[in-house]
Amino acid sequence: MLDGSALWYLSRATGVVTVVLFTVVFCLGVITAGRRRPQGHAATIVMGVHRWLSLGMLVFLAVHIITAIVDGYVSISWLAVVLPFVSDYQPLLVGLGTLAVDLLIVVMVTSYLRHRIPERIWRGLHWVSYAMWLVAIVHGFMMGTADQPGLRLTTLACGVIGGAAVVWRTIVTHADRDRRELINAQEWS
Amino acid sequence: MASSLDVAKIAVDRVRCTGHGICAQTLPDSITLDEWGYPIVTDDQADPDEAKLAVKLCPARALYLR
């Protein structure tokens, strides 16, 4: 039923969908952590989608990985799912995907255990998401096949949107914080 | 956490709370927001399932069951 080329298409398609969903989850996380974040209804929706879409993304990621390996056209071993840079096919670029999976496991496990581990540890390890997202975007863009520019453009657009979210988080400040910094800078009389 | 009871007692850690306001959306019968967006617990008895969801959704991990 599923011959090699169908698996190949399925792997490409689920890869791109994973990148899109991951970017949405990523941006919602960046927005929640930002200084000028949404309030009330919007905050609840953002947080809920962030949590549950991250789980939904795993389905597409799993199909992406399984089809890439089962499809025999290129040689990627099962070991390459967790051990980076051991794939026969494109060791570096497949390895970036593997690296993202390893980082994803760290973020997933710590978030699942969030209420059992100290906030500082969870927060520190949740920062890994930034590296994971960047690695995933590079993996998606560099491996994007040349005959389908649309797929590559989708990944590129995700990179631009995610990058904009990070810039937004960095530059946007809160009025209270600005005021506190001004007061701190004043001379003590 | 008393799992046998059919109500959960909720509380807010005021040091951790950063005023996202999500608890007031998920537990509207128990929590309202003050004028700065910080929660006021009007009724600390809540439905356990809804309370657990609200605890999970709190980004600052300031809402807890006791």
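Figure 1. Helices (H or I, at least four residues) and strands (E, at least two) are DSSP runs, numbered from the N terminus; two strands pair if DSSP finds at least two bridges between them. B:A8 has B:A46 as its bridge partner in β4(B). Strand β1 (residues 8-12) of chain B also pairs with β5(B), in the antiparallel sense over three bridges. In β5(B), B:L65 is the bridge partner of B:I10, and B:L63 stands opposite B:V12. Strands of a sheet pair through backbone hydrogen bonds, either parallel or antiparallel.

Residues are numbered from 1 along each chain as its sequence is written, while chains are lettered from A and ligands numbered from 1 in the order in which they are written. Because this is a predicted model, local features need pLDDT of at least 70 and side-chain atom pairs count only at pLDDT 80 or more, whereas totals for chains, interfaces and linings use all residues.

**Figure 2. The open sheet of chain B and the helix across it.** Three strands form the open sheet, in the order β4-β1-β5 (chain B), with antiparallel pairing. Its edge strands, each pairing on one side only, are β4 (45-46) and β5 (63-65) of chain B. Helix α2 (residues 48-57) of chain B lies across β1, β4 and β5 of chain B and runs at about 140° to β5(B). Axes are lines fitted to C-alpha atoms, for helices over the stretch in contact, and angles run from 0 to 180 degrees between N-to-C directions. Two residues are in contact if their C-beta atoms, placed from the backbone, lie within 7 Å.

Figure 3. Chain A has seven helices and zero strands, and its pattern along the sequence is α-α-α-α-α-α-α. The C-alpha trace of chain A spans about 75 × 40 × 30 Å along its principal axes. The mean pLDDT (the predictor's confidence in each residue, from 0 to 100) of chain A is 89, and 96% of the residues score at least 70. Within chain A, confidence is highest in helix α5 (residues 128-143), at a mean of 94, and lowest in helix α7 (residues 175-185), at 77. Where pLDDT is low, the predicted coordinates should not be read in detail. Chain B averages a pLDDT of 88, with 92% of the residues at 70 or above. For the complex, the predictor gives an ipTM of 0.80 and a pTM of 0.86.

**Figure 4. Packing of α3(A) against α5(A).** The axes of helix α3 (residues 91-112) of chain A and α5(A) come within 8 Å and cross at roughly 155°. The two helices, α3(A) and α5(A), are therefore roughly antiparallel to each other; angles under 35 degrees count as roughly parallel, over 145 as roughly antiparallel, 65 to 115 as roughly perpendicular and the rest as oblique. Their crossing is left-handed, a term used if the near helix is turned anticlockwise from the far one by less than a right angle, with right-handed used if clockwise. Residues of α3(A) in the contact include A:L93, A:L96 and A:L103, and those of α5(A) include A:V128, A:M132 and A:V135. By class, the contact of α3(A) with α5(A) has 16 nonpolar, three polar and no charged residues. Ala, Val, Leu, Ile, Met, Phe, Trp, Tyr, Cys and Pro count as nonpolar, Asp, Glu, Lys and Arg as charged, and the others, Gly among them, as polar.

**Figure 5. Packing of α3(A) against α4(A).** Helix α4 (residues 119-126) of chain A and α3(A) have axes that come within 9 Å and cross at roughly 155°. The crossing of α3(A) and α4(A) is left-handed. A:V106, A:V107 and A:T110 of α3(A) make the contact with A:W122, A:L125 and A:H126 of α4(A). These residues divide into four nonpolar, two polar and no charged.

**Figure 6. Packing of α5(A) against α6(A).** The axes of α5(A) and helix α6 (residues 149-171) of chain A are 9 Å apart, at an angle of about 155°. That makes α5(A) roughly antiparallel to α6(A). In α5(A), A:W133, A:I137, A:G140 and A:F141 meet residues of α6(A), including A:R152, A:L156 and A:G159. The contact of α5(A) with α6(A) has five nonpolar, four polar and one charged residues.

**Figure 7. Where chain A touches chain B.** Ten residues of chain A are in contact with nine residues of chain B. On the side of chain A, helix α2 (residues 40-70) gives the most, with six residues. By class, this side has two nonpolar, six polar and two charged residues.
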